[in-house]
Structure formats: structure tokens, C-alpha cells
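Subject: A structure for you to look at

Hi,

Here is the structure I promised to hand over. Please open it first, and then read on for what turned up in it.

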Amino acid sequence: MNITVSSSHQTHCVNAFHLYDWVQKKYEGELDVFKSDGTDEIINGINLCELLLQRNRFFIEAMIVDENGCPASPERGITTTELTNSMMRTKKKVNDEDNCSSLYRAVMQKQGRYVLKLVDQTTGQICRSNPIPFTIQETVYLYAPTGTTVQSDVTSVEFTVTPSCINREQELRVEVRICQNVTSGCSKTIQLEGAYIHPREELQSSHCKHSHY
């Protein structure tokens, strides 16, 4: 395709994020441990000891939700903020080489909500808990000098829910695995050269004569 470019050029200023460092990081940890002596069910109306006797029929899972208890994607349901002072991050050298850049310590906090779901595979019935808030803190090391911001974009979340019953003592353990992209950088104004373009003239299709054999 031919495109006609005019000779009129303009300089445009746009704000862009200047990337300093980028790592893909996985967080794994325990979110909650719910315990009961058997007199008060962990999930209202659900006795884990009886449930575990029918493992092939029932299973418990967890999922991210918003403040209203509606299912939410990881990037929308989890918010991340930096707790450390971005102007006074602690430096750390990864090795003793003179030409090695120092990394900076940043403490990140994630907050969100999840619900527990008890699923009856025979009837398809689902019993849900109320939204359960959680807070996670983790430390990351990035090249993030003064004037930069550190942000985390969650790409996926997986829960592991483990029920147990020992001597009528009920326990429900919830663990989470979070995959994320952690970046450091700052916004800068850059200049771009642009030019106006115009569409080319439409080409007329040729009328070819074909020989018949």
C-alpha cells in the first residue's frame, strides 16, 4: 500500500513511563487459619469433620472478590502500595564488584478480599462465606533510585484450601500463590516527531481478457 506523506512535520510532547527495572516475582504464603472446637462451625452450618468423610462429594475453594462480594480479576481485586519512603529507600549491593549497581529495598503491601466456596459436586449447590479481607507485606529489591516509583501488577492468583479434623478439632488453612510483575521507574516528557499523512488515490482494477481453451 502506498501512503502519501506531507512535508508538514510537527513535534509532539507526550508523557511516558521511563522503566528502570523490572522483575517477575512470585509470592507464596499463608493467608488464614480458621480453627474450631467443634461447637461452632468454621463456615456457618458446615461441619468439617462430617465433610471430610465425603471427600469425593464436597470440595472447598477460594476466589478473589470486590467489596460487594462479586468475583473480581486479580488486577482489579488486589491493590498494591509501597510502605517504604520512596525518597529514603535502603541500598543493598548484590556483590562486591565496583561497577555493580546498588539495589534498593522496597516494602510492598497488597490488600484485597476473598470468599470461601463449598461446592457439592452431586447437586451443584454452592455455599459461600462472607468476603474475608487480607493484607500481605513483602520485600522486593530493585534498581529504584530517588524519584522513581515502584509498582506491582498482579497477573494471577491461586488458592489452596486445606480442611482437617483431628479429635473433633476443625481447622481450615488458606494459602495463596501470587504471580506479579514488579517495576520501578518514573514519568517523563518526551518529544516525538510526527507528520500528517493522506490516503493514496484508489487504483482502478484492470479489465483483463482471458483466453478460453
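Of the 213 residues of the protein, 32% count as buried, where buried means under 20% relative accessible area, exposed means over 50%, and partly exposed lies in between (1.4 Å probe, protein chains only).

A word on how to read the rest. This is a predicted model, in which local features need pLDDT of at least 70 and side-chain atom pairs count only at pLDDT 80 or more, while totals for chains, interfaces and linings use all residues. Residues are numbered from 1 along each chain as its sequence is written, and side-chain values use heavy atoms, with hydrogens and water left out.

**Confidence**

pLDDT is the predictor's confidence in each residue, from 0 to 100. The protein has a mean pLDDT of 85, and 85% of its residues reach 70 or more. Where is confidence lowest, and where is it highest? The lowest mean, 81, belongs to β1, and the highest, 96, to strand β3 (residues 79-82). Over residues 1-5 pLDDT stays under 50, and the model has ten contacts for them beyond four places in sequence; a contact means heavy atoms within 4.5 Å. Where pLDDT is low, the predicted coordinates should not be read in detail.

**Overall fold**

The protein has two helices and nine strands, in the order β-α-β-α-β-β-β-β-β-β-β along the sequence. Helices (H or I, at least four residues) and strands (E, at least two) are DSSP runs, numbered from the N terminus. Among contacts in the protein with a separation of 6 or more, 78% are between residues 24 or more positions apart.

**The cores**

A nonpolar core is a set of buried Ala, Val, Leu, Ile, Met, Phe, Trp, Tyr and Cys residues joined through side-chain atoms within 4.5 Å. Which residues touch the most other members of the largest one? They are Y114, L116 and F159, in a core of 24 residues. At least two residues of this core come from each of β1, α1 (48-52), β2, β5, β7, β8 (149-166) and β9. Leaving aside residues up to four places away in sequence, F159 touches L31, A62, M63, I64, Y114, V174, E175 and V176. There is also a second, separate core of eight residues, V140, L142, V150 and V182 among them.

**Aromatic pairs**

Rings of Phe, Tyr and Trp (its six-membered ring) pair if their centres lie within 6.5 Å; planes under 30 degrees apart count as stacked, over 60 as edge-to-face and the rest as tilted. The whole structure holds four aromatic pairs. One of them is the tilted pair of Y20 and Y143, with 5.9 Å from centre to centre and 35° between the planes. Y20 sits in strand β1 and Y143 in the loop between β7 and β8, 123 residues apart. Both are partly exposed, Y20 with a relative accessible area of 29% and Y143 at 32%.

Y114 and F159 also form a tilted pair, at 5.5 Å centre to centre and 35° between the planes. Y114 lies in strand β5 and F159 in strand β8, so this pair ties together parts that are 45 residues apart in sequence. Y114 is buried at 0% relative accessibility, and F159 is buried at 18%. Elsewhere, ring pairs link Y20, Y104 and Y143 into a cluster.

**Salt bridges**

With a salt bridge taken as a side-chain nitrogen of Lys or Arg within 4 Å of a carboxyl oxygen of Asp or Glu, the count comes to ten. In one of these, E30 meets R173 at 2.3 Å, N to O. E30 belongs to strand β1 (residues 3-36) and R173 to strand β9 (residues 169-199), 143 residues apart. E30 is partly exposed at 44%, as is R173 at 27%.

K117 and E61 form another bridge, their closest N and O atoms being 3.3 Å apart. K117 is in strand β5 (residues 102-120) and E61 in strand β2 (residues 58-65), so parts 56 residues apart in sequence are tied together. Are the two partners buried or partly exposed? K117 counts as buried, at 14% relative accessibility, whereas E61 is partly exposed, at 31%.

K110 and E138 are joined by a salt bridge of 2.5 Å, N to O, and both residues are buried. Bridges with shared partners also join E30, K35, E171 and R173 into one network.

Happy viewing!
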